[in-house]
Amino acid sequence: MPQLLSETRAEPHAAAPFRAPAVRTRASEADHAACAEMIRGGSKSFYAASLILPRRVRRPAYALYAFCRLADDAVDLATARGAPERLAARLGRLYAGRPHDHPADRALAEVVAAHRIPAEIPGALLEGLAWDEAGRRYETLADVEAYSARVAATVGVMMTLLMGERRPEVLARACDLGVAMQLSNIARDVGEDARAGRLYLPRGWLRAEGIEPAAFLADPRHSPALGRVVTRLLAHAEALYDRAAPGIAALPRDCRPGIGAARILYREIGRTVAANGCNSVDARAYVPAGRKAVLLPRAFGPTLLGPLGLSAQNAEAAPLAAVRFLIDAVTEADRMAPLAGEETDRLSRALDIFVAASLHASTPRRFMGF
């Protein structure tokens, strides 16, 4: 009998052929306005941070995040299983130039074509949703990184493409930031996730501290041992935040403050958890408005607004193993950029088959803060 998906480990993402948008879909102004309203009402933190971004990035970012918001809600609010597969079918349609009749689908179809976002990137995000629905277990840090690559690094890659930056070394640093932000979320939400039956801390780390994962989920309680596990996770996030900074400095100058602000504020979430004794079971850490006001000016500091480019050390830093497939997908998309017409359309029509197969072959607070 095959293993249950929830009992399997996180395997590396299987390589898949490049999938390009078939045609450029034109979304209406009303579609884009509806996406902005979805974010204003349902993702207030991102909406506030987005106001720092230039309009040329902010508009497609709303389309991207609206689809993410829609996908997240489809899984969390579903009364029956199969939401990721239904979302995969919608993704396949929009990449084939036949988007579902919804503002977010039409807007995203326009965005992925205009910015040459390969289908493997949003497809991986939906794969992460499938892992949530399946109740997948994460035994090691590498397993947690594989999950974070799908639900957070994917968004980091797509945002970087919206800004017009496609260099692999910059995408690697965007992935570092996405994974770091997701680890901050995990550290902050230990108690809330556990009470919902979810556990994203590495189970091997818990057992090494004498904590049985099943017992913890049945009765979530803070302890010094649990605090040590959260401390380890935050230390890893801190290292990734450090690695991400030079990547922000490599973005277009007018994009750096918005992404720099996200890095600063999410990093502060983890530091607030640490200041609370790494007890995120009894209370949920948050960054007070006054503290945000002190921190945000740093997003405009000389480190992020200085000369364009990466330091040699960070330019050569290898990407996390869990995110390599995302960077490879963009590299392949650029290599195949001249494809057009019938061949591109044929590849695009195959996307729904590819994504559905990927979901079946593999097994909430997602999308870097939603």
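The chat below walks through a predicted model.

Visitor: Before we start, how are residues numbered, and what pLDDT do local features need?
Guide: Residues count from 1 along each chain as its sequence is written, and side-chain values rest on heavy atoms, with hydrogens and water left out. As this is a predicted model, local features need pLDDT of at least 70 and side-chain atom pairs count only at pLDDT 80 or more, while totals for chains, interfaces and linings use all residues.

Visitor: Okay, what volume does the largest cavity have?
Guide: About 50 Å³, where a cavity is a set of points on a 1 Å grid over the protein atoms alone at which a 1.4 Å probe fits but cannot get out, and the volume is the space filled by probe spheres set on the points, which are joined across faces, edges and corners.

Visitor: Which residues line the largest cavity?
Guide: The lining consists of L64, F67, C68, L108, P122, L125, L126 and M158, lining residues being those with an atom within 4 Å of a point. Helices α3 (55-76) and α6 (120-134) each supply at least two of the lining residues; helices here are DSSP runs of H or I with at least four residues, numbered from the N terminus.

Visitor: And by class, what does that lining have?
Guide: It has 8 nonpolar, no polar and no charged residues, with Ala, Val, Leu, Ile, Met, Phe, Trp, Tyr, Cys and Pro counted as nonpolar, Asp, Glu, Lys and Arg as charged, and the others, Gly among them, as polar.

Visitor: Switching to rings: how many aromatic pairs does a search of the whole structure find?
Guide: The search finds 4 aromatic pairs, a pair being rings of Phe, Tyr or Trp (its six-membered ring) with centres within 6.5 Å, called stacked if the planes are under 30 degrees apart, edge-to-face if over 60 and tilted for the rest. One of them joins W131 and Y138, whose ring centres are 6.4 Å apart with planes at 45 degrees, so this pair is tilted.

Visitor: Are W131 and Y138 buried or exposed?
Guide: Both W131 and Y138 are buried, which means under 20% relative accessible area, whereas exposed is over 50% and partly exposed lies in between (1.4 Å probe, protein chains only). Y138 also forms a stacked pair with Y200, at 6.0 Å centre to centre and 25 degrees between the planes.

Visitor: Where do Y138 and Y200 lie?
Guide: Y138 is in the loop between α6 and α7 (141-162) and Y200 in the loop between α9 (190-195) and α10 (203-208), so their pair ties together parts that are 62 residues apart in sequence. Y200 is buried as well, with a relative accessible area of 6%, and W131, Y138, Y147 and Y200 form one aromatic cluster.

Visitor: What sits over the ring of W131?
Guide: The charged end of R136 does, 4.0 Å from the ring centre, given the criterion that NZ of Lys or CZ of Arg be within 6 Å of the centre and within 35 degrees of the ring normal. Likewise, the charged end of R232 sits over the ring of W205, 3.8 Å from its centre.

Visitor: New topic, what phi does R116 have?
Guide: R116 has a positive phi of about 50 degrees although it is not a glycine; this residue is placed in the loop between α5 (103-114) and α6, and at 37% relative accessibility R116 counts as partly exposed.

Visitor: And C278, what's its phi?
Guide: C278, also not a glycine, has a positive phi of about 55 degrees, and is found in the loop between α13 (256-275) and α14 (289-295), where C278 is buried with a relative accessible area of 6%.

Methods
1 Å grid on protein atoms, 1.4 Å probe; cavity = no way out; pocket = protein on both sides within 12 Å on 5 of 7 lines; lining within 4 Å.
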